Amino acid sequence: MDNTLNTKRLKLVDHYFYIEDSFIELTRIIPLDNPELAYSPRLYEILQSICSSIEGLSIIMSDALQLQPRQKKFPWIYEILNQDGVLSKQAVDLYKLSGGKVYTPLTKTGNHNPKWWDDYNETKHELPEGLKAGNIGNTPIALAGLYALHVMAYYLHYYENNYLNPEYWTTVTSASVNSENRELVTGIMYNGPKSKIFT
């Protein structure tokens, strides 16, 4: 990855931490053990920020890999970045908040993308009813997806040639993006963004 793209990636890392801090603060008011359909306008704002950042980061990654999506929008970039299920393999553990879960946030569960993206995309022009997409079910999974992309983008900087090789992202005991096993497989110590809530 050239320095220009890496500079952009690092700016989005700063934005990620702002979003993550906003989410953590909100979970003190709306705990994650609420029903998944529990929503709020604030969760929707956080979901919007997450999805905008995901789209920007996916464009940076696509450019670094010299991919040619039909459009520079997440659904088309997702198709190319998820070749052989590379994105679908990523697992993120929400471990520092009560109600911790393991997500595979970049797995295709909607029409052509993860369901949280489809929910966000379909509702952004249907406000106020669309605010319901910002719920306890969608928002933490989307945030986990953004974190997974940031970890992958970090490794892309060092290991571009094997980036789309699914074996590179497969570990013996876990598919976690930020596991010790990943460091053993790649030979690269992970010094990328450290989440306050995910591993």
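This is a predicted model: local features need pLDDT of at least 70, side-chain atom pairs count only at pLDDT 80 or more; totals for chains, interfaces and linings use all residues.
1. Overall fold. The protein chain contains six helices and two strands. Along the sequence, these elements follow the order α-α-α-β-β-α-α-α.

2. Burial and surface. The protein chain has 199 residues, and 51% of them count as buried.

3. Contacts along the chain. Among contacts in the protein chain with a separation of 6 or more, 68% are accounted for by residues 24 or more positions apart.

4. The largest pocket. The volume of the largest pocket is about 340 Å³. Its lining is formed by 20 residues, and Lys115, Trp116, Asp119, Gly137 and Asn138 lie nearest the centre. Helix H4, which spans residues 115-123, gives the most to this lining, contributing four residues.

5. By residue class, the lining of the largest pocket comprises seven nonpolar, eight polar and five charged residues.

6. Thr139 belongs to helix H5, which covers residues 139-158. Is Thr139 buried or exposed? Its relative accessibility is 0%, and because buried means under 20% relative accessible area, Thr139 counts as buried. Apart from its neighbours within four places in sequence, Thr139 is in contact with Phe23, Leu43, Ile46, Leu47, Ile50 and Gly134.

Notes
Residues are numbered from 1 along each chain as its sequence is written. Side-chain values use heavy atoms; hydrogens and water are left out. On a 1 Å grid over the protein atoms alone, a cavity is a set of points where a 1.4 Å probe fits but cannot get out, and a pocket is an open set with protein on both sides within 12 Å along at least five of seven lines; lining residues have an atom within 4 Å of a point. Grid points are joined across faces, edges and corners, and a volume is the space filled by probe spheres set on the points. Ala, Val, Leu, Ile, Met, Phe, Trp, Tyr, Cys and Pro count as nonpolar, Asp, Glu, Lys and Arg as charged, and the others, Gly among them, as polar. Buried means under 20% relative accessible area, exposed over 50%, partly exposed in between (1.4 Å probe, protein chains only). Contact means heavy atoms within 4.5 Å.
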